[in-house]
Every structure is written in C-alpha cells, then in structure tokens.
Amino acid sequence: MSGLDTTSLAVFGVIATLVSVLAWRHTRATTVDFFLAGRRVGVVTNAGAICGDYLSAASFLGVAAAVYASGVDGVWYATGFAAGFVPVLLFVAAPLRRLGSVSLPDFLAVRFGSDRVRLAAVIAVELVILSYLVPQAVGSGLTWELLVGEGIAGLSPYATGIVVSTVAVSGIVIIGGMRGTTWNQALQFGFLLAVVIWLAALLWSGGFSYPLAVEQASAAPLQAVVGDEIVEVVDRLDGGAATFGEPGARYGPVGQLALLVTLVLGTAGLPHVMNRYFTAASGAAARATTVWVIGLAGSFYALAVMLGSATRVLVAERADEPWLAALTVDGVLRVPEHALLVLGRLLANTPGMAIVAAAAFAAMVSTIGGLLLAASASFGHDVVARILRPGGGPREPVRAGRAAVLVVSLAAALVALVVEPSQLLATFPSLIATMVTWAFALAGSALTPVVLLGIWWPDATARGAVAGVLAGAAVAVGALLVGLVTGADPSDGIGAILLAPALVAAPISGLTIVVVSRLDPGPGVTVAVWTRMHGTAHDRQTERLARMTLRGGR
Amino acid sequence: MPRPESGSRNHDRLDEFDAPAEVAAAARTQRRIALGYASLFALGIFVAPVLSMTLPWWSGARLTGGMSPGFVVAAGGLYAFFLGLGIAAASLARSVEVRMLGTSDEEDARR
C-alpha cells in the first residue's frame, strides 16, 4: 500500500467519523430522531443522500464493469438502475411519506392495520438487506485486494477489506444514526459524482472522443478472460462473435426483459431507499426529492457508461505497462470490477487510483450505512417497539436497533467471506452488479407489489398483503436458489428468469394479493388512513409553518 | 373498503384538514395520471430493446463514430427521457393536489 493510498483512505475515514460524531451530538435517543433525523431533511440533501444510499459498489464499480465486459448490453444495468426511480415518483414517494411511518414494514402495518403484515414485511426486508449487503462487502474485499494487496492480522487482503468496511460502517451508523448517515451519504454522493466528473474531464482534456472510443472498441470481437484464457464472447442473439457496440454480448431477449423488469420493480421495494422518504418534510418534498434523484442518478450513470467504454479502449492500448500486465490477459482485464480503478491510474497515476478507490469505498460505505440503518429501524421499531415490548421506553428501540446493526453486518461479512469471487466470475462477468440484481429481485417480488397495491387499491386487505409478501418472497428465493444450484445460464431463457425472477414472482405476488383480498371478508383500508395517505393537509400545514417561520425570522 | 363519507372530515394538527370525499376523488385522479405516465415510461424503456432485436438499423447504423441509435438512446437518451417525464408528472400531480384538495379551508375561511 503506498503512502498516498493510506492517506486517501485515512482522510475519508476521518471525515466520515467527524460527520457521525457531529450528528451524534445533534441526535436525541428517540425513534424519530435516530431513525428519521427528526423528519427535517431538505429536498436536495435528501436527494443526495438517496443517491448515496442507492449508488453502491454495483453502480460505481459494477456499471463500468458491466459496460467494460459486455458493451451496450452492460449499459442496461445503468438504465435499469436509473429507471427504477420513475415508478417510485409516479406511485410511491408522496403517499409513502404522507402516511408518516418510521420504516417500510411500519408503513405497511399502518396501511393494513395489522402486525402480521408488519412481521411478514420485516422478514422480507431483512432478506433484502442481507442479500444487498453481501455484494457491498464483496466489493470492499475486491477493492482492498487491488488497492492495498496486503492483509492485516493474518487475514487475506480480500478478507481484510470486508472486515475493515464492516467495522467502520457499523461504527458510523451506531454513532450517527439517520442524521449522521444522511450527512455522510449526501457528502459521499457528492464525492462520487465529483470523481466521475473529474475522470471524464481528464479524458476530455486528453482529446478523448466518446463516439470514436465506441468505434474502436467495436472494431474487433469482444473478448473476456476465463481462468487464464482469453475467449471470444458469443453473441446471444445470432450466435456469432459479439461486439462492444451491438446487443447480444450478455443477454438474449428474455434475459434483457427479465433484468429490466427486476431493476425497475426492485427500487420501489428497497427498504433502505424507501426509508429515506420518511425523513422528508412532506409528501410534496418527497416527490420533488425523487425528481432530483432521477436527474442526479441519470447524470452519474451516463458518465459511468462513458468511463466503462473508455476503459475498454485505454486498457487494450496500454496493456504492456508492467503494473497493468499483471491485471490483464492479452489486453483484457481479468476482473471487470477493476475497470474504474485501473482507469483512475491510467489517467492520473497512483493518486488517480487512490482517489477512485476512496470513492469506491465511499459508495460501499454509504450504501452499507443505509442498509444497516434500515435493518436497525425494522428490528428496533417494528419488532421490539411494536411487537415484543410495546410498553418499553423511547430509548429501547434505539438500543435494539444498534444491536441489530452489529448482528446484520456480522452476518453479511461472514457470507461475503465464504463467497469466492474468482469462482463466480466465469458465470457472472460483472459479479457485484449481478449480486445486487438478486436483492432487487427479492425486493421487487416480495415488497413492491404490496406497496403499490396498498397505496392505490383500497380493497387490499391484511390477509391479502401477508399472502402476497410471502408468495413473492418464496417464489423469488426459490427461483434464485434453483438457478444458483443448477448453474443456470443467466443470459437468456429459463435461466435468466430464475436469476432475475421478478418478471414472474412480482405478478404472482400481486395476483395473490388480489385473489386473497377478494376472498377475504375482512375490511380494506380505513377512511382515516386513506385520507392521510392521499391528502395534503400535513403538507399544507408544513408549508404554512415554514412561511410563518420565514416571516418570524425577518 | 369503507368508502369515504362525503362531508366528514379528517382533522389534522392545527387548522389544516382534508375532506375524505375530496381526497378519494383526488386519489382516483392521481391514479389515472400515474398510470398514464407509467404507460409512457414502459413504452420508452421497453421499445429500445425490442427495436434492437427487430430493426437491424437500430443497432447497425452509425450516428456518430461507432455509436448506433440504440447505443445513443441506452447510454444517454433514456436518462433525459426519465427526467423530462419525471418533471412533467410531478408538476401535474402537484397541480391536481392544489386544485382538488384544501379548497374547503378557503371556503370555510370565507364563510
């Protein structure tokens, strides 16, 4: 590890800790303050924090890796990730905030008036969080392995990266709560965006032409490294050799449809992202926040796609440099996730790589922070405060939430330590993005249908909701397990559906909710809940109070 | 579902409140609008991969350098489409809320 690498990571760690301590001094040990930052997060700060939450290792390292490995087929990861916020804006953001809950399970429990719904949602939420945490931990391990190359206390470099990120983020969340995590996430997203803009500026200042780079990358058949061998990527559409600029390198028709549906549906069911909407001041603010997110995330992904394309060309041109030769076979990267890190070094030597690595850690840390906080809220508030000890004091859910952070982060780290990335890379060329897709599949199958129907169909009942959540989760988990155990081909056909199952599992979940609700003699939504969820009284009151405060301040 | 009764009110804190019948009507309108925009969104996002499989020009033609129409749309055009659609949908949803909800407060104040 060079002194510069150490410095960049140390500076990043010190800033994150300072922000958390500062937030801790402003946080009271109450549910609304610890889990919701007092519901006073501004639109742009919240948009930055949502982007920080959402743009994980899968986005920062994974999108560039997917584009590097699969050309235009890899671009669909970025498109799907960005597209996921459009349904959130259209159907979810404002009503979700207006009901005024603490977590996604809490929202569903209030909407359906049932603790059974709460419990079913907590199970689904914890599954999603765990499956989302593992790829972040894998990303930490891979980044540490490349950047530092050495382990601590007898651990391998990969294991050290996992342990360091797990300990650091658990500390940040336990100390800072939602306020500290929000500030950290907003700052970290600003850093991520600045880094991709900086890399793009370095490229352009060196005379880079995006269209010519795509032309150059598409001139020869697309190649990949499997083991130590270089192989030509097969075109899944017509069977010939795939090229960078044309579809077919990664997906057949079913594979592409399954991926898109999974990513588009998954976002509205991601607990760590949806929980952020409860921190907005009003429903209108939640909606405005989502518009900002679509703009910011779109800008980030468009640049990440360009950087992945540029890396394809630059690595091939400069593969004979000794440091790069160790990472490549015949000018092709062994691990596509290294694409952005390598680009940083190609453009700005070792400092460039150190800065990109710090940004990669920021991406992982901010997402892990959001996930741990969501796990903390669903356990502390939904399980302890609402089900196990409803009469407990206000500090009890916070203490339980902090304990949940430790348990969940430890579980994710253990799973990540067992995963052997080198074994999986042959089947999944951009591993982190692929693993995150599994979390999207779970969220989109188990939670999105019940959220959408709960908000917009007043006749949906609690029994219907429980049946829908469990059916969606069971089908998605079952499909993923069958797909992984049988080594299904993720690119097309039945294998693609098994490994991105929301295409089938979400309709099954939705249909289950409708059928069971129709057969259920129980009541649908109450007038009070419907009015609060779709009314604007609270928004108007917030705006009125804000106007009064402004007048009083003059 | 117990349908909202016209005239009954859900009092919120301070003096802001919504009439359930107004909220039910506004929610139906918002649902129609959201579904309309969602259809447009689905058309935008799914037409690109369909074109890449059915229309050779979509992937084979070159607009600039090595970029085909399909590449340009996937790598940049769709993000602009999402943002434009989002701004339009948010503006319309907001104006529907302003037009359909909260009017009872003003009427009460005038009385």
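Helices here are DSSP runs of H or I with at least four residues, strands are DSSP runs of E with at least two, and both are numbered from the N terminus. By that rule chain B has four helices and two strands, and from the N terminus on its elements follow the order β-β-α-α-α-α. The model is a predicted one, in which local features need pLDDT of at least 70 and side-chain atom pairs count only at pLDDT 80 or more, while totals for chains, interfaces and linings use all residues. Residues are numbered from 1 along each chain as its sequence is written, and chains are lettered from A and ligands numbered from 1 in the order in which they are written.

Chain A, for its part, comes to 24 helices and four strands. A residue is called buried if 20 or more other C-beta atoms lie within 10 Å of its own, exposed if 12 or fewer do, and partly exposed in between, with the C-beta atoms placed from the backbone. Of the 554 residues in chain A, 66% are buried, and of the 111 residues in chain B, 36% are buried. Two residues are in contact if their C-beta atoms, placed from the backbone, lie within 7 Å. Among the contacts in chain A between residues at least 6 apart in sequence, 80% join residues at least 24 apart; in chain B, residues 24 or more positions apart account for 49% of the contacts with a separation of 6 or more.

The two chains also touch each other, in a contact that takes 56 residues from chain A and 48 residues from chain B. On the side of chain B that touches chain A, the elements giving two or more residues are β2 (17-18), α1 (20-54) and α3 (69-100) of chain B. The largest share of that side, 17 residues, comes from α3(B). Counting Ala, Val, Leu, Ile, Met, Phe, Trp, Tyr, Cys and Pro as nonpolar, Asp, Glu, Lys and Arg as charged, and the others, Gly among them, as polar, the residues on this side of chain B divide into 30 nonpolar, eleven polar and seven charged.

Because 31 of its 35 residues are buried, α13(A) is largely enclosed by the rest of the structure.

Helix α13(A) packs against helix α15 (residues 339-388) of chain A at an angle of about 65°, with their axes 9 Å apart; axes are lines fitted to C-alpha atoms, for helices over the stretch in contact, and angles run from 0 to 180 degrees between N-to-C directions. The crossing of these two helices is left-handed, a term for a near helix turned anticlockwise from the far one by less than a right angle. Among the residues making the contact are A:L307, A:A310 and A:L314 of α13(A), together with A:L340, A:L343 and A:L346 of α15(A). The residues of this contact divide into nine nonpolar, two polar and no charged.

Helix α15 of chain A also holds A:N349, whose phi is near 55°, a positive value in a residue other than glycine. With 11 other C-beta atoms within 10 Å, A:N349 is exposed. A:A153 likewise has a positive phi, of about 55°, although it is not a glycine, but A:A153 lies in the loop between α8 (115-147) and α9 (157-205) of chain A. A:A153 is exposed, with 7 other C-beta atoms within 10 Å.

The strands of chain A include β1 (residues 223-226) and β2 (residues 229-232), which run antiparallel and are joined by four bridges; strands pair if DSSP finds at least two bridges between them. In this pair A:V225 stands opposite A:I230. The two strands form a hairpin with two residues between them, and A:G227 in the turn has a positive phi of about 65°.
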